[in-house]
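I opened my notebook to look up a few spots in this chain, one at a time. Here is what I wrote down.

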Amino acid sequence: MSRVELGIGLPTSGRYASPEAIAQVAEGAERIGLGSVWTFDRLLRPTVPIAMGGPGGPVMDPPEAFGSVYDPLETLTYVAARTSRIRLGTSVLDSLFQNPVILARRIATLDRLSGGRLIAGLGQGWMSQEFEAAGVPMSRRGAGFGEHIEAMRAVWGPDPVRFDGRFHRIPESEIGPKPVRPGGPEVLVGAVAPASIDRAARLGTGLSLVIFEWGMVRDTIARFRGAAEAAGHHPSALPVVVQVNGDVTGKPLDERAPLTGSPDQVAGDLAALDELDVRHVLWMSDVEPEERLHLMERLRALA
């Protein structure tokens with residue numbers, strides 16, 4: 001039996017997005033024994049072509065679903081009130097668009113309201129139009145993202161809080177609420193580029209990555225764990241979460257990406273994640289909620 005926890009993206013964008021569908025998927029995922037439900041972040045959908053993934057990426061029309069995305073933290077607060085056990089994750093929340101003190105308090109509040117069930121997946125963003133709308137320069141990425149996480153950790157730490165950084169300063173203060181777990185909730189960093197992977201390892205966070213092919217996943221995890229050990233962290237203590245932008249389908253596929261296809265095919269792939277000591281795998285897709293739950297229930301029975 002696979003040790004990997006199975007998760008599912010909530011219908012927070014696209015044709016099935018609604019409060020009713022979000023509650024249906026969250027409650028159904030808990031009922032069938034999934035480990036987690038997930039949201040993602042998008043501020044806007046530009047009306048011009050964009051470079052997917054950031055400067056230098058392929059230029060294409062932005063997906064229609066970007067135009068209306070339920071806020072990830074408010075959505076998970078709603079879900080926390082409708083569930084009692086399932087973990088609640090963001091994959092990922094673009095943290096640079098919010099002040100670190102404000103965001104840290106929002107995350108801590110959700111963590112408290114959910115009884116410590118939050119997994120805070122954080123990213124630095126990549127769409128230039130979102131940075132423009134948020135009033136944040138894209139040059140803030142990189143070192144500025146690392147400092148942002150450090151500032152939030154200071155807020156989650158014991159009072160009095162004080163932080164003096166290049167981009168952010170927090171005067172000595174009492175700031176609450178504090179998360180359930182001392183030091184803050186489980187934090188993941190969405191990373192693909194080598195520098196981002198190394199930064200997550202130095203910070204001692206977990207890693208969130210989107211799977212495209214097995215070689216990329218193996219190489220990324222090996223680099224992350226090597227960099228974590230070099231930074232003085234125990235590699236096995238830092239969780240790795242794999243996101244699949246595809247579907248578990250009702251029938252086998254002759255040509256398929258990893259962790260897509262029929263439940264039987266995907267169940268076979270989970271053994272490879274076991275070998276890599278991956279903690280969670282989650283599927284983000286735009287499939288009718290009832291069908292998604294049915295297929296995930298079949299997968300869980302096989303896995």
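Before my first entry I needed to know what a strand is: here a strand is a DSSP run of E with at least two residues, and strands are numbered from the N terminus. I also reminded myself that this is a predicted model.

**Entry: T39**

I looked up T39 and found it in strand β2, which covers residues 36-39. Is T39 buried or exposed? The cut-off for buried is under 20% relative accessible area. T39 has 1%, so it counts as buried. I then listed what T39 touches, leaving out residues up to four places away in sequence. The list holds L10, T12, P72, T75, L76, G89, T90, S91, V92 and M284.

**Entry: S13**

Next I went to S13, which sits in the loop between β1 (5-9) and α1 (19-31). Its relative accessibility is 13%, so S13 counts as buried too. Setting aside neighbours within four places in sequence, I noted contacts of S13 with F40, A65, S68, V69 and D286.

**Entry: D159**

D159 is in the loop between α5 (143-156) and β7 (161-164). With a relative accessible area of 38%, D159 is partly exposed. Which residues does D159 touch, not counting those up to four places away in sequence? I found S173, E174, I175 and K178. I looked at K178 again: it is 19 residues from D159 along the chain, and their C-alpha atoms are 9.5 Å apart.

**Entry: rings**

How many aromatic pairs are there? I counted one aromatic pair. The ring centres of F97 and F131 are 4.9 Å apart and the planes stand at 80°, so I wrote this pair down as edge-to-face. I checked how accessible each partner is. F97 is buried at a relative accessible area of 14%, and F131 is buried as well, at 1%.

I also found a charge over a ring: R42 lies over the face of F66, 5.1 Å from the ring centre.

**Entry: α8 and α9**

I moved on to helix α8 (residues 263-275) and helix α9 (residues 289-302). Their axes come within 9 Å and cross at roughly 45°. On the α8 side, the contact is made by P263, D264, V266, A267 and L270. On the α9 side, I noted L295, R298, L299 and L302.

**Entry: α1 and α9**

My last stop was α9 again, this time with α1. The two axes come within 10 Å and cross at roughly 15°. That angle makes α1 roughly parallel to α9, since angles under 35 degrees count that way. The crossing of α1 and α9 is right-handed. From α1, the contact uses A21, Q24, V25, G28 and A29. From α9, I wrote down P289, E290 and L293.

Technical notes:
Residues numbered from 1 in each chain as written. Predicted model: local features only at pLDDT ≥ 70, side-chain atom pairs only at ≥ 80, totals over all residues. Heavy atoms only, no water. Phe/Tyr/Trp six-rings, centres within 6.5 Å; stacked < 30°, edge-to-face > 60°. Buried < 20%, exposed > 50% of the residue type's maximum accessible area, 1.4 Å probe, protein only. Lys NZ or Arg CZ within 6 Å of the ring centre and 35° of its normal. Axes fitted to C-alpha atoms, helices over the stretch in contact; angles between N-to-C directions. Helix = DSSP H or I, 4+ residues; strand = E, 2+ residues; numbered from the N terminus. Contact = heavy atoms within 4.5 Å. Parallel < 35°, antiparallel > 145°, perpendicular 65-115°, else oblique. Left-handed = near helix turned anticlockwise from the far one by under 90°.
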